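Here is a short report on charged side chains and their partners. Look over the sequence and the structure first.

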Amino acid sequence: MAASAADEPTGDRSAALDRLRTNDLLFLWATRVSAWIVLLILGGIIASLIVGAWPAIQAFGIDFLTTQRWAPNAQPEPILGGLGPIYGTLVSSLIAMAIAVPVGLGVAVFLTELCPQKLRQPISTAIELLAGIPSIIYGMWGFFVLGPFLAEHFQPAVIAAFANVPILSEIFRGPASNLSLFNASLVLAIMVLPFIASISRDVFMTVPPVLKEAAYGVGCTTWEVVRNVVIPYTRVGVIGGMLLALGRAPRETMAVTFVIGNSFKIQSSIFAPSTTISAAIASEFAEASDVHQSALILLGLLLFALTFAVLAVARLLLMRVEKKAGN
């Protein structure tokens with residue numbers, strides 16, 4: 001009797017350990033299968049894009065990347081080149097980042113260092129609401145409000161101001177237009193601004209107060225504290241926010257389609273109509289067929305490769321920054 005009573009707790013412990021091992025094994029395989037599912041989905045997307053783009057790759061080859069003309073109805077054979085959408089995607093993203101980065105960092109600095117306490121939460125909420133507005137709403141606003149305003153008031157003034165300045169006179173050449181590469185870039189900048197501002201604000205708030213107090217104690221101004229304490233301490237997070245915004249900008253579709261003009265011709269003026277990869281696919285895919293459809297799928301494959309390259313460069317840059325910081 002005594003022996004069986006002594007053996008019972010041991011048996012219970014063994015059964016409990018077996019259950020834990022089984023649960024651990026199930027959890028391991030569940031997470032492993034989830035990871036494989038993600039990889040399979042990604043691989044399936046890449047494979048489907050390659051298969052769909054293969055007729056265009058065979059028909060145009062490397063010339064697709066260097067040809068500007070886009071004439072799907074040309075005779076005897078269509079002439080399709082992706083240089084125009086690639087140019088529009090890269091330039092609009094760069095202009096958007098050039099506008100959004102300084103404004104976003106300025107907003108973040110204001111919220112963390114200068115803004116009265118009562119206004120911080122309302123302004124922060126307003127910035128976060130900007131990120132939740134659907135892109136088609138931005139596009140409609142850009143088409144009906146922003147575009148006419150820029151064409152009537154902003155663009156003519158800029159065109160006149162740089163009319164006699166070499167190089168800049170070509171970049172800002174007229175005529176003013178409701179639909180242009182600059183309008184699309186400005187809409188993109190407004191759309192990615194909340195990401196830069198919110199992430200920068202959050203990482204700025206992680207700076208230990210003692211560091212800033214020490215800097216103020218030796219006579220530093222607010223600008224010197226931000227430049228020499230806040231930015232260096234949070235540079236990894238700030239760069240991450242910028243790259244997150246840069247990764248989103250080329251993928252925006254509907255807002256850009258509304259305001260860019262959908263012209264495949266490359267022009268030196270940013271006030272001229274243009275197009276992007278996403279806008280070209282959205283505007284033509286429904287009516288495309290055969291090699292025309294394959295060319296649009298090839299544009300999607302190029303956009304995928306471009307996004308992958310941006311993320312890869314971002315990761316390498318963050319690794320270098322972290323290594324330099326000694327982490």
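## A buried arginine

Does Arg201 count as buried or exposed, and what is its relative accessibility? Arg201 counts as buried, because its relative accessibility is 11%, under the 20% cut-off. Keep in mind that this model is predicted.

## The salt-bridge network

Side chains of opposite charge can pair when their charged atoms come close. Across the whole structure, a search finds 5 salt bridges.

Two of these involve Arg201. Its side chain meets that of Glu128, at 3.3 Å from N to O. This pair links distant parts of the chain. Together, Glu128, Arg201 and Asp202 form a linked network.

## A separate pair

Arg173 and Glu170 form another salt bridge, at 2.6 Å from N to O. Arg173 is partly exposed at 30% relative accessibility. Glu170 is partly exposed too, at 40%.

## Arg251 in its loop

Arg251 lies in the loop between helix H9 (222-248) and helix H10 (254-259). Its relative accessible area is 42%, so Arg251 is partly exposed. The side chain of Arg251 reaches the backbone oxygen of Gly247 at 2.5 Å.

Beyond its neighbours within four places in sequence, Arg251 contacts Ser278 and Thr307. Ala279 is 28 residues away along the chain, and its C-alpha atom is 9.3 Å from that of Arg251.

How values were computed
Residues numbered from 1 in each chain as written. Predicted model: local features only at pLDDT ≥ 70, side-chain atom pairs only at ≥ 80, totals over all residues. Heavy atoms only, no water. Helix = DSSP H or I, 4+ residues; strand = E, 2+ residues; numbered from the N terminus. Buried < 20%, exposed > 50% of the residue type's maximum accessible area, 1.4 Å probe, protein only. Contact = heavy atoms within 4.5 Å. Polar contact = N/O pair within 3.5 Å; in protein donor to acceptor, adjacent residues only side chain to side chain. Salt bridge = Lys/Arg side-chain N within 4 Å of Asp/Glu carboxyl O.
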